[in-house]
Amino acid sequence: MTLRALWRSRYSYLFLLPTFLFLGLFNYIPAFSGLYHAFTEWETSSTAHLNGLENFRRMAQDEFLRLSLANQFWLLLASLLKTLIVPLMVAEMLFHLRSSRLQQILRTLFLTPMIVPGMVGVLLWGFIYDPNIGLLNNALTAVGLGSWNRAWLGDWHTALPAVIGIGFPWAGGLALLLYLAGLMALPVDLLAASSVDGATFWQRFWAIDIPLLRGQMKTIAVLTIIGTLQDFGSLLVLTGGGPGLATHVPALHMYFQAFRFGHYGYASAIGFVLFLVTLTFTIANMRFVTANEEIA
Amino acid sequence: MLPNSRPRKGHLFSGMPLKLLVILLPLFVFMGDSQGQPPASSGKRQQITIATVSSNYREGLLKLAHEYEVLHPEVEVRVQVQPTNGYETWLRTQIGASSDTAPDIYNANYALGFYERGLLVNLTPYLEQTNPYTHKTWKQNLDAQFLEKYKIGGDVAIIPLDFIEIAFFYNKDVFAKLGLQPPKTWEEMLSQAERIRKAGYIPFAVPGDADSYWSGTVGWIFRFFTDAYLRDTVPLVMSSPGDWDYNPRVNDGFHLDVTSPYNDATLIMNPERLIKAIRDKQIRMDSPRFHEAYTKIAEFASYWQRGFNGTNANSAYQLFLTRKAAMMLHASPTISQLEKDQSDLFKEDRFNWGVFSVPPLTQSQFHIPPFRGVGGAGAMWSVVKKNDAQTQLVADFLMFTTTPHAAQTLVEEAVKARQSINGPLLIPGAKMPETMARHFNAFTNRGFEKLSFRGLADEQESVWKWTVWAQQYLDGRITTDTCLQHYQETMQEAVPRVVRQMNYDMNPRTRDKVGK
């Protein structure tokens, strides 16, 4: 680009400048600062100084961090299943409705909850799970299943499943929107050909829908992996990682280390490793799906 | 892009930008204001910001702020009421980032260790100054015992405002129905709990989430138990002749008398001796004393509601309010809270309630004195170090808010706004509402804990790790021995962290430099 062309579009760039400035200031500088501080000893009210790989050695010996990995695994697996399967089922049902009016109404109903802030939903589930005044236990008692009452978030056996259960039936959200858009964009001639060939719903689902929705699945999987590995807000609010370590995850461990214990350097190292893990999962997912498409 | 799609002169990005900028600029300005930015300058030259979680005193503080502004037109006083949840993190961020932008006054009990790091003002010299609003020295308007209790390394950096303590609240109707009287001993209380459970009630409503282990009910229980079981250990960690903080007027000739709850009330403890005692295993968490204390707490926990570890403070309180639970251990502000909530209930749902002190333990292989209080000051003000002029101004404002008139204003405005009152104000001259004063008897004359543990010196990492083990222990997932073994390890590994954080040189004879 020549200087003259740059000058000619100066106002466009001027308007874009604040966006890039703030993006750099609030997104990129802290991120790179985190990468640097991962290799420092940095405590509250002290200046950071380089300590090599000490933080990573400490991570390897951190028993609480190690115990949190199993929880993270189950949460990630559950999140992937929740976002990849249920919204796809709902999208298929909506897509095949004959009444376009009903389809429109149901689509709106499924997607409207997206406007509610996520934390409000989490807090509502906190009320639902409350062992003493919660909806779930009271509903169970009302139908004669009082013996099933639990401290859902306070019992070691049910705390993690209860966290996974948040948002049940997990039908709405961005995943549904992406699947619906993907289904609506399927080539009409392909669908017509399958119909002429007498393909059943399931034959079409496996042979046409799934392969052609792979792009959406890839996007949803990447977003879910990133979101799940980074998310600790709902756990912080609902359980604080407890009881004991029943719902403790690495991101929450990072938060505690930084903002509760003041170990900013160590927290940066955990963040750095989380970043690498997320990147690895994402790249693996992208490559795996691309390879399958090529085979197809 | 199509060849002719490039913006041409006269289109939006070439001819209109300046106009657009002029139109949008005010919008950005208003957006900034709507995001909670400070309003345009009021024209006053000096400013005092008080950021508090004591929302019950909001109305009183606003009134006092206004009165102060009338007296000092050049000063603007801002009162920010912050939510308790996250206040500590917020403060650490504010003060850690830059003390210039931090609030001037805040609740000290939420960010321990700040004075040691040189972030707070030493108010000791100001105590000797004349309070211009009472014409007495400032310390004469304050409670001497509490000032002493909250000294840090011999310095006054915390001004206690009111008193808060815990006791058992009980449903008098349930007790009357079962023919029970408030218990005189711990053992009697547990046998009553058994009868209450058999009658279909939950004996004790106890929150057991992580907050409760740190700053709530479960934490209190562990604190008063370990204080009672460690009374004998106090001489080991008290400041001794030759120590930098040794004050012969206070510590000389101290003789341990466990029959007096106030025996060691003003005794100066040397924090390095305490850390040293932990490090050298003179105080062990896996000792027989701790073993018995923890066993008794676990026995007590067997009478709490099922699933207490998943119960937060509000949910536990609701169990008592809805008459499902017969007792709860709660703090003195609950007196006014309970009165308010009872008046909001339908008449048929109301019940008679009372308060009794934590009863003493009588059966032990050790000589265990009666349990002492774990409370102390509720609201405690500390001043963030900025510059001398600002410190003098803030000290003047603190003097203004600690007069008998100011204390009475805080109480009256809280009552008027139907807010709870922590307990008696620690400023001589303020009168409490009659009901509050009557119920508060159960909370008084019990002394204060001196040496209690749930983590090491409130160091947050050790508190958290202890919480992890203690939750598992009280839930019956690990044995007493396993829990205490983990606790001992937690304390040992916390020692170097505390030493580093507090800049201790581990020599009790030298005063350590703060604020490194």
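In the predicted model, helix α20(B) meets helix α21(B) through Glu461(B), Ser462(B), Lys465(B), Trp466(B), Trp469(B), Ala470(B) and Tyr473(B), which face Thr480(B), Cys483(B), His486(B), Tyr487(B), Thr490(B), Met491(B), Ala494(B) and Arg497(B) in α21(B). By residue class, this contact comprises eight nonpolar, four polar and three charged residues. Two packed helices are described by the angle between their axes and by the distance between those axes. For α20 (residues 460-474) and α21 (residues 480-502) of chain B, the angle is about 175° and the axes are 9 Å apart. The two helices, α20(B) and α21(B), are therefore roughly antiparallel.

The crossing of α10(B) and α14(B) is right-handed. On the α10(B) side the contact involves Ile221(B), Phe222(B), Phe225(B), Thr226(B) and Tyr229(B), and on the α14(B) side Arg289(B), Phe290(B), Ala293(B), Lys296(B) and Ile297(B). Seven of these residues are nonpolar, one is polar and two are charged.

Chain B also contains an open sheet of four strands with mixed pairing, in the order β9-β10-β8-β11. Strands β9 (202-205) and β11 (353-356) each have a single partner strand, so one side of each lacks a neighbour in the sheet. From one strand to the next, the twist averages 25°. Strand β9(B) pairs with β10(B) (residues 325-331) in the parallel sense over three bridges, and Ala205(B) has Met328(B) as its bridge partner in β10(B). Helix α15 (residues 313-321) of chain B lies across β8, β9 and β10, running at about 135° to β10(B).

Note on methods. Residues are numbered from 1 along each chain as its sequence is written. Chains are lettered from A and ligands numbered from 1 in the order in which they are written. This is a predicted model: local features need pLDDT of at least 70, side-chain atom pairs count only at pLDDT 80 or more; totals for chains, interfaces and linings use all residues. A crossing is left-handed if the near helix is turned anticlockwise from the far one by less than a right angle, and right-handed if clockwise. Two residues are in contact if their C-beta atoms, placed from the backbone, lie within 7 Å. Ala, Val, Leu, Ile, Met, Phe, Trp, Tyr, Cys and Pro count as nonpolar, Asp, Glu, Lys and Arg as charged, and the others, Gly among them, as polar. Axes are lines fitted to C-alpha atoms, for helices over the stretch in contact, and angles run from 0 to 180 degrees between N-to-C directions. Angles under 35 degrees count as roughly parallel, over 145 as roughly antiparallel, 65 to 115 as roughly perpendicular and the rest as oblique. Two strands pair if DSSP finds at least two bridges between them.
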